[in-house]
Amino acid sequence: MKILKFGGTSVGSVQSIQTLLNILEGEIKNKQKPVVVLSAMSGVTNLLVAMAEGAAEGKDFTAQLAELEKRHFDVIKSLLDIQNQNPAFTRLKILFNQLEDLLQGILTLRELTPKTRDMVLSFGERCSTFMIGKIAAQRFPGAISVEATEFIKTDSSFGQAKVNMELTDLLVRGFYQENSSKLIFVTGFISANDAGQITTLGRGGSDYTAAILGAALNAEEIQIWTDVNGMMTADPRMVTKAFSLPELTYTEAMELSYFGAKVIYPPTMIPAFMKKIPIVIKNTFDVDFEGTVIRHDCKPSNLPIKGISSINNISILNLEGSGMVGKSGFSGRLFSLLAREQINVILITQSSSEHSITFAVQPGDTERARHLIEQEFELELVAKKLEHVVIEQNLAIIAIVGENMKQTPGVSGKLFHALGRNGINVRAIAQGSSEYNISVIISANDLAKALNAVHDGFFTQLTKTLHAFCLGTGNIGQTLFKQLNAHSAYLQEHNGIQVKIAGISNTRKMVFNSDGVSLDNWQAELEASMHPADLAEFVAKMKSMNLPNCVFIDNTASPKPVEYYEEVFKANISVITCNKIGNSASYKQYKTFHDAAHSHGVDFFYETNVGAGLPIIRTLKDLMNSGDRVAKIEAILSGTISFIFNNFKGDANFHDVVKEAQDKGYTEPDPRDDLSGKDFMRKILILARDAGYAMEEADVKIESVLPKACLEAQSVEEFYAALKAEDAFFSNLKAKAAAENKVLRYIGKLDEGKAEITLQMVDESHPFYTLSGSDNIISFTTDRYRERPLVVKGPGAGAEVTAAGVFADLINVGA
Ligand code: ADP
Ligand code: ASP
Ligand code: MG
């Protein structure tokens with residue numbers, strides 16, 4: 001025999017009740033006769049709570065009562081044959097009249113006792129079970145409904161009554177034997193004390209009713225039918241990537257539900273565990289899905305944890321003082337006081353010095369707990385052996401759960417890494433001695449971010465989501481979006497990475513979307529946005545969205561965004577930039593950025609600062625990190641100047657070559673910005689700093705390619721005229737080089753801490769001799785690469801390769 005329990009949503013609408021009947025029909029066809037436990041229709045218990053509490057404050061409840069009636073009557077009209085409707089209406093009407101009288105009493109007295117409250121709440125289950133019993137009886141002759149108050153007997157702790165298991169077992173068996181030919185529908189959640197007064201088993205308690213009946217009747221299985229695909233790795237309403245767990249042990253299910261996985265009520269596991277009855281959690285809205293089995297002998301799983309659950313609103317109380325040290329009776333006194341006063345302690349942690357105790361309670365219990373403690377420990381407080389209780393509010397608990405934790409080292413490391421990287425401050429930690437769970441207390445504001453980040457951290461077989469906030473929609477920004485769009489499927493499949501562009505800003509507008517701006521349509525979305533561009537607001541919004549795995553991407557060449565880098569790092573957000581200004585201004589600023597990124601455990605990637613997408617910065621970093629020492633760097637890092645000198649040969653004259661470079665779009669609007677060596681200088685400076693030298697701009701000696709007159713020309717036109725006038729100077733250089741079988745190269749060099757950029761003539765033996773087009777080249781001479789330097793060479797400019805470099809940085813974030 002099986003117990004089938006249907007939760008609120010499963011009895012909440014005409015359609016779900018029909019599904020419920022179909023499920024039962026399937027059972028009956030298989031020669032089964034289950035006992036069915038029903039909850040109140042979804043939302044009804046909350047409505048009853050609101051009515052009762054409202055009445056106690058003098059509020060009218062007639063509209064809510066009418067709503068309640070209507071929900072039930074509508075079901076009857078849809079599902080009960082016309083000739084059966086009147087008796088059902090009459091019976092329900094009697095129940096609603098009783099409820100009304102009760103609420104009227106509360107309203108008159110302005111008082112709601114736990115006992116009356118339980119009585120009010122009982123109407124939810126009593127109405128739904130009566131109604132569905134009647135509907136079922138049309139299809140299944142012999143269907144009856146019964147109120148569990150007849151056989152589930154408890155003490156008088158209203159609101160969360162304790163079951164007298166021995167008596168209950170006897171009564172349940174007795175009732176079942178008398179009605180063994182019937183299809184029994186039982187109210188969940190409610191019970192009665194010895195005096196016959198209605199009690200309840202705690203919110204969510206219908207699951208427990210099912211387990212109590214299952215244990216008493218030695219059921220072969222307890223099925224919990226709900227609105228999700230079984231027990232999942234996290235609450236699917238908070239973590240979209242949560243997935244269903246095929247199996248769990250009773251302990252795991254208990255821990256997960258204790259820490260907030262509402263899908264099953266924690267005490268449910270106890271009777272089932274005692275009798276080794278499997279609990280199967282199934283989805284009424286996806287009947288064929290296997291669901292989750294909670295049982296004794298689970299197959300070994302290779303997941304480090306089974307799931308993550310959370311309680312979203314708790315307070316903590318901190319007690320500190322020398323009076324606690326070594327006093328074994330202290331915590332005993334404290335916690336028996338709280339137990340006696342029915343204050344539920346959710347979690348306790350104690351420092352190993354015993355100098356302080358922290359414990360978590362429901363927000364509603366906070367003040368009462370403080371008051372009770374200060375009363376109980378008055379003497380200790382006066383004697384200053386105890387400090388006054390400190391309360392912290394707006395907190396949440398997140399717990400990771402799984403029996404494998406015991407054998408797997410590094411589980412807590414993973415948890416704290418995920419939290420730390422996302423800037424989530426941990427207020428307190430508790431690990432159950434069973435090692436089945438680790439719980440941490442964090443700010444309630446961080447809960448969604450924490451759950452998602454921790455879920456990503458543990459279930460690495462799932463795609464990891466990066467939330468990128470991008471500045472700049474010029475050439476590079478646009479190309480990056482195009483590349484991301486074209487490769488998103490591949491990225492997900494092969495790298496397990498999903499990139500969501502959660503924010504975009506150019507100089508005019510900005511747009512935000514935590515689900516990701518569409519990469520097919522970002523221009524239109526940005527255009528249609530009502531947000532005018534504002535950098536400070538962009539950064540503030542990015543912080544307040546509080547998304548996990550967040551990255552700030554600066555695809556501009558402006559000094560403005562750089563002013564925000566430090567603030568961004570401090571918010572535990574990684575920065576990727578192709579903007580050279582950040583790293584090439586003062587050394588102090590360079591150092592500040594690197595230190596801030598480091599101390600907040602986030603990444604600062606800027607591969608495209610030097611040589612566009614070529615792996616130059618990364619190569620240097622790898623050399624340094626692996627303990628090598630850079631003795632010398634030689635490089636050509638200006639694509640423009642490369643192009644010019646590569647083409648300045650034979651009959652060509654310098655003026656024409658520069659003009660050609662400009663016409664091809666290789667130069668800045670004023671070619672002197674390239675030819676002056678300033679941009680090149682910035683790259684050498686960044687390399688020198690990355691190689692460990694605390695250098696400033698003035699420390700890089702630049703030999704200009706251009707004679708004075710060209711540099712001093714007032715306009716670009718005059719500059720070209722000056723170039724023509726200096727033709728002899730350049731031709732001379734060319735002739736001299738040719739005579740010695742050499743070529744002209746503009747080379748940056750860092751040699752034992754000295755940096756310079758000079759125009760040189762190199763012969764065939766030099767590795768830079770054969771450079772062609774606008775390529776970049778860099779050679780690293782290090783302790784390990786001393787005989788033959790390590791060389792990186794290739795195209796070092798252009799939107800495609802630069803965007804590709806930013807893209808590569810992005811997928812390396814957090815790797
Ligand atoms: P019922 O009314 O059927 O008893 P509940 O609302 O009590 O249903 O429980 C089901 C809900 O539990 C789901 O809708 C889901 O949002 C929530 N939930 C929280 N944590 C989990 C989890 N780890 N797995 C599945 N559901 C969860
Ligand atoms: N109806 C009750 C509640 O909402 C019991 C249950 O659904 O399990 O708490
Ligand atoms: Mg429930």
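Student: Is Phe335 buried or exposed?
Tutor: Phe335 counts as buried, because its relative accessibility is 18%, under the 20% cut-off. Please note that the model is predicted.

Student: How many aromatic pairs does the structure hold?
Tutor: There are 27 aromatic pairs. One of them joins Phe335 and Phe359 edge-to-face, with 5.6 Å centre to centre and 80° between the planes.

Student: Which parts does that pair tie together?
Tutor: Phe335 belongs to helix H10 (residues 328–340) and Phe359 to strand E13 (residues 356–361), so the contact links parts 24 residues apart in sequence. Phe359 is buried, at 0% relative accessibility.

Student: What about Phe654 and Phe730?
Tutor: Those two rings are stacked, 3.9 Å centre to centre and with 10° between the planes. Because Phe654 lies in helix H24 (residues 654–663) and Phe730 in helix H29 (residues 727–739), the pair ties together parts 76 residues apart in sequence. Phe654 is buried at 0%, and Phe730 is buried at 1%.

Student: Changing topic, how many residues surround ligand 1?
Tutor: The number is 17, and the closest are Thr226, Asp227, Met232, Asp235 and Arg237. By class, the shell divides into eight nonpolar, four polar and five charged residues.

Student: Which side chains have an N or O atom by a ligand oxygen?
Tutor: Asp227 has a side-chain N or O atom 2.9 Å from an oxygen atom of ligand 1, and for Lys262 the corresponding distance is 3.0 Å.

Student: And how much of the ligand is buried?
Tutor: The protein buries 90% of the 570 Å² that ligand 1 exposes when taken alone.

Notes: Residues numbered from 1 in each chain as written. Chains lettered and ligands numbered in written order. Predicted model: local features only at pLDDT ≥ 70, side-chain atom pairs only at ≥ 80, totals over all residues. Heavy atoms only, no water. Near = heavy atom within 4 Å. Polar contact = N/O pair within 3.5 Å; in protein donor to acceptor, adjacent residues only side chain to side chain. Areas by Shrake-Rupley, 256 points an atom, 1.4 Å probe, with all protein chains shown as cover. Nonpolar A, V, L, I, M, F, W, Y, C, P; charged D, E, K, R; others polar. Phe/Tyr/Trp six-rings, centres within 6.5 Å; stacked < 30°, edge-to-face > 60°. Helix = DSSP H or I, 4+ residues; strand = E, 2+ residues; numbered from the N terminus. Buried < 20%, exposed > 50% of the residue type's maximum accessible area, 1.4 Å probe, protein only.
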